[in-house]
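Dear colleague,

Please find the sequence and the structure below. My notes on them follow.

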Amino acid sequence: MLKKPLNLALLIAGLGILSYFLLDIVSPVIKEVDKGRQKLLEVTGLGNLEKEAIGKLDPAQKAELEGWHDKTGDSTQAAEALKTISGIWYRSGRMDISGAYAMKVAEMEKTAEAWGIAGTTFLAGIDEMKEEKSRLFCRQNAEVSLQNAISLAPAEPRFRLLLALVSVKMPGEDPMRGIRSLLDLEKEHPDYLPLQYTLTRLAFQTGQWEKAKARLDKVLASIES
């Protein structure tokens with residue numbers, strides 16, 4: 001099955017495409033989620049998150065942020081300033097705040113890609129953020145951002161895959177919603193390799209070895225064809 005080194009290399013490369021999101025598709029924190037408590041939590045806003053986070057930055061970072069904030073009022077530089085601010089927060093490990101600024105960019109640019117960037121940033125935050133209020137903030141805004149991306153590019157399966165992963169990683173009252181969304185997407189796009197990589201990893205992670213092997217064989221067959 002692995003006679004062709006090139007095919008194996010392509011498989012390994014493909015499995016790495018979404019590795020950031022898929023290495024731990026189901027977070028250990030989420031596996032024992034208290035749904036009642038989650039439902040009652042009030043998701044905080046950007047202002048509160050940023051106020052708290054700024055106090056932890058060093059003087060140089062604060063000065064850099066202030067400089068770029070001053071440029072957000074300039075219509076010719078606003079989008080670039082917001083992207084830079086988003087990048088600063090991302091490098092600081094605050095995907096929740098980074099995603100919020102990416103959303104501001106998407107509201108200006110009104111493109112599927114811009115909304116997709118915001119959505120993937122928030123998706124990363126579900127894994128990376130430790131405080132539940134930040135993770136809930138990421139979950140809610142990831143859904144909004146990716147739904148907007150889908151509305152602008154309904155034929156693009158990538159955004160639907162990422163939206164399904166939001167529910168897989170942080171399920172709400174319906175824990176199977178994300179899995180159903182992945183399987184529904186597979187019916188429409190059975191040869192979409194990132195989706196097959198996702199389902200293969202999910203099967204491995206949940207101990208469904210036979211399903212994992214069957215999907216892996218399908219991926220290999222697709223690469224070899």
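A crossing of two helices is called left-handed if the near helix is turned anticlockwise from the far one by less than a right angle, and right-handed if clockwise. By this convention the crossing of H6 and H7 is left-handed. Helices here are DSSP runs (H or I, at least four residues), numbered from the N terminus.

This is a predicted model, in which local features need pLDDT of at least 70, side-chain atom pairs count only at pLDDT 80 or more, and totals for chains, interfaces and linings use all residues. Residues are numbered from 1 along each chain as its sequence is written, and side-chain values use heavy atoms, with hydrogens and water left out.

Helix H6 (residues 59-70) packs against helix H7 (residues 78-91) at an angle of about 160 degrees, their axes being 8 Å apart. The two are therefore roughly antiparallel (an angle over 145 degrees). On the H6 side, Glu-64, Leu-65, Trp-68 and His-69 make the contact (heavy atoms within 4.5 Å); H7 contributes Ala-81, Thr-84, Ile-85, Ile-88, Trp-89 and Arg-91.

Lys-83 also belongs to H7. Lys-83 counts as partly exposed, at 38% relative accessibility (between 20%, under which a residue is buried, and 50%, over which it is exposed; 1.4 Å probe, protein chains only). Beyond four places in sequence, Lys-83 touches Val-105 and Glu-109. The C-alpha atoms of Lys-83 and Val-105 are separated by 6.8 Å.

Leu-182, leaving aside neighbours within four places in sequence, is in contact with residues including Leu-161, Val-168 and Leu-199.

With kind regards

Notes: Axes fitted to C-alpha atoms, helices over the stretch in contact; angles between N-to-C directions. Parallel < 35°, antiparallel > 145°, perpendicular 65-115°, else oblique.
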